[in-house]
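Student: I would like to learn how to read a protein model step by step. Could you take me through one slowly?

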Amino acid sequence: MSDSVLSIEDLSVRLPVGADRARALANVSLSVSANEILCVVGESGSGKSVMANAIMRLLPPEVRIETGHIMFERSDLCAASLAEMRHVRGKGISMIFQEPMTALNPLRTIGDQVGEMFSVHTDLSKADIQKKVKGLLADVRIPDPDGAARAYPHELSGGQRQRAMIAMALALDPKLLIADEPTTALDVTTQAQILKLIRDLQRRRNTAVLFITHDFGVVAEIADRVVVMQRGVVVEQGPAAAVLSHPQHAYTRQLIAAVPPLQAPPPRPLASENILTLSGVSKTYRSGGFLGRGARVTAAVKDVSLVLPKGATLGIIGESGSGKSTLARCIVRLIDPDQGAIMLDGKNWAAMSHRDVRRETRHIQMVFQDPFASLNPRRKAAELVAQGPIVHGMPRAEAIAEARKLFALVGLDPAAGDRFPHEFSGGQRQRIGLARALALKPDVLVADEPVSALDVSVQAQVLRLLAELRAQLGLSIVFITHDLRVAAQICDLVAVMKDGAIVEHGPTHEVFGSPRHPYTQALLASIPGGDFMRHRVAAGA
Amino acid sequence: MDALKRYFRSPAAVAGLILLMVVIAMAISAGWLYPRDPLALAGRPLLWPFSNPRFPLGTDNSGRDIAAQIFYGARISLLIGGVATAIAIAIGILVGAFAGYYGGWIDNVLMRITEAFQTLPNFLLLLVLVAVFGSTLTTVTIAVGVVSWPAPARLTRAEFLSLRNREFVQAGRTLGLRDLQLILGEILPNALPPVVVYASVVMAVAILLESALAFLHLSDPNVASWGNLIGLGRDVLRVQWYVSAIPGVAILVTVLAVSLVGQGLNDALNPRLKSR
């Protein structure tokens, strides 16, 4: 290709001895042309971030480039000196990161940090720099650019911070912009705005963009061309439309199939009997202030009333800060609600003493979000699962034997019970967490974002397991998620939460089919790759 | 055991362990090498080292064998270091765990008490305790332990504060675990490594505190400790400096050994913090 801005030829990157494989990248070749967005797609561990860091020559010292060339503006970046790289970074190639909070310096204003790009690379005067910074911030459509320039990172929202990062990255009109999962940490509505912004800016400035993501929905939204990576090898590349509609490699097909379609499954008949009833549940946080004066009051959960029929799954959907996790923790009484009643099996959980909650806790169990933080690293897997029954009086040997049976139930090798949590993968750990919750034979399972930390293909497996267990054990599930696609797959009923209150609830196919509240409509419209998925569903049906 | 392998990869940590082993070996072999009372008169006073083959390290102002006192002193130093550290760490973990886990007014009360102990120079407090309760070996050991607990308490509290809201602790709570089970079974094992590492610092300081007491003739005079020997040597420091210098070197080596082992443990237990 004559107009390629960056071309990677036969690049291999070696990992230190003792890593899970010898090379992070093996013989990777690809090129990015001016005025195109190339999406690099892969699951965690596929080597896509290593590639981005290799281009910027920001690899950790023990990881080194073995063979190959990274050609940028007719010079090989693999052979460039540090001084030459400093010239390339920021000016020739710039980068935006996943987490804008950690990528920005918390002690300096946004304007100061964006302006630094000019003071380092150009000889502009202070006044000129200030003017340029304001222009840039207006360009990335931050509301009130003057105020934003004076603000510190913590004073902006996640989306605004990412806009500031983009402004910084585009300050010197780089030839190539590398975006490493820039929207993964953002809410779905913000994500849609940022994707649109990147697309617009790229069109206007003819920048080449190397966009790294794990989400085929995002690919469908933004990509001109796609490169699919698996374990450090490029398995497929081509124009976005072709790869999405006619994937050649089995892995690509598997990844696309794992993206949940935004269509509710046919509704299941629901029991008329309710197992869990919430009425008027509220939780308010007060912070700061002296003797009640000047305190900051946050209503995390406002007057929530919901019912969960026996054997059904109720999805609670909301963006970060909507209060959905607080509500989940109120239901299991990790947090004490201020008002309202939580009726389970004829008992009001909201009014129970802590001692009674401890005794009754086997009726309601929780699965946590983070498979790495939710298991005590110093206990063996079987012990973790057996812990609950032991506390409630089962003899240890019997509990361990039961735990091994549960391992088989959640699709783990029963012999794996003697291993420690760090010896399992993320998906396997989430299965251990599930087994632990099921060990007490609960009537209701509260799952707080149980698949959000997992890769899409693993996500699909865990969701399938949950659906199977629901049918097998007659479980009733409260399923907290921010991902509407996941909710559509597994929930019979959904409730949409915003700022602590339920704005809309009802059967999944009704809420997703004909949303009534404007916020629900906005959420549904923001899902990346929505059009593509609808086409796929239509074609499949 | 990865931690053990990482420990033995560091030469400084291995050197520290060898030195510590030597000190422990001295303490064990003292009774066998020097069957006589180390505080009994053995020969002419103030013999220089290497001048008489019977007393390789010479004798002190009253004619007692310095080598014998060094060997028996290792017992006392290790005993005081070990027991005082155990006392300090036990109180520290207890106070820190409760303050960190419960927070609120319990934390406030316990931390104000801790601060009260911390604002007093701990050697001054030690002097007061010894002056009030007398200077037998038992009281000195307990007193050293009692003045050393605030730092481990603060460390334990900090660990508990960061661990108590982790999801695995919440998971334990949803399983119906009692507070004590959560504190001891779930949080404490995860909070322990930095406290264990800090114990080496407490032990080194405990040995030094006892020596400082003995230097002021305030430690138990009826046992052969390194500090007592330094205190004795003070009277003849300008001419027969070796009387103070030899136990000084012994203290230096022991404290160094304990610190190196502690540093090695730190690197082995927290491999990510190790500076490259």
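Tutor: Let us begin with contact: two residues are in contact if their C-beta atoms, placed from the backbone, lie within 7 Å. Please keep in mind that this is a predicted model, in which local features need pLDDT of at least 70 and side-chain atom pairs count only at pLDDT 80 or more, while totals for chains, interfaces and linings use all residues. Residues are numbered from 1 along each chain as its sequence is written, and chains are lettered from A and ligands numbered from 1 in the order in which they are written.

Student: How many residues of domain 1 of chain A are in contact with domain 2 of chain A?

Tutor: Domain bounds come from an automatic or database domain assignment, and for chain A this assignment gives domain 1 (4-258) and domain 2 (274-540). Between them, 19 residues of domain 1 of chain A are in contact with 14 residues of domain 2 of chain A, and the centres of the two domains, taken over C-alpha atoms, are separated by 34 Å.

Student: Which helices of chain A each supply at least two residues of the side of domain 1 that touches domain 2?

Tutor: Helices (H or I, at least four residues) and strands (E, at least two) are DSSP runs, numbered from the N terminus. On that side of domain 1 of chain A, helix H8 (188-205), helix H9 (216-222) and helix H11 (250-258) each supply at least two residues. For the classes, Ala, Val, Leu, Ile, Met, Phe, Trp, Tyr, Cys and Pro count as nonpolar, Asp, Glu, Lys and Arg as charged, and the others, Gly among them, as polar; this side of domain 1 of chain A has nine nonpolar, six polar and four charged residues.

Student: What is the secondary structure of chain B?

Tutor: Chain B comes to eleven helices and zero strands, whereas chain A has 21 helices and 20 strands. The C-alpha trace of chain B spans about 75 × 45 × 30 Å along its principal axes.

Student: Where does chain B touch chain A, in terms of its helices?

Tutor: In total, 14 residues of chain B are in contact with 21 residues of chain A. Helix H8 (167-174) and helix H9 (179-215) of chain B each supply at least two residues of the side that touches chain A, and H8(B) gives the most, with six residues. By class, this side of chain B has five nonpolar, four polar and five charged residues.

Student: How should I read two helices that pack together?

Tutor: Two packed helices are described by the angle between their axes and the distance between the axes. Axes are lines fitted to C-alpha atoms, for helices over the stretch in contact, and angles run from 0 to 180 degrees between N-to-C directions. In chain B, helix H3 (residues 66-102) and helix H11 (residues 242-269) pack at an angle of about 35 degrees, with their axes 11 Å apart. Ile66(B), Ile70(B), Gly73(B) and Ser77(B) in H3(B) meet residues of H11(B) that include Val243(B) and Ile246(B), and the residues of this contact divide into six nonpolar, three polar and no charged.

Student: Is Asn206(A) buried or exposed?

Tutor: A residue is buried if 20 or more other C-beta atoms lie within 10 Å of its own, exposed if 12 or fewer, and partly exposed in between, with C-beta atoms placed from the backbone. Asn206(A) counts as exposed because it has 12 C-beta neighbours inside 10 Å. Asn206(A) lies in the loop between H8 and strand E8 (208-213) of chain A, and has a positive phi of about 55 degrees although it is not a glycine.
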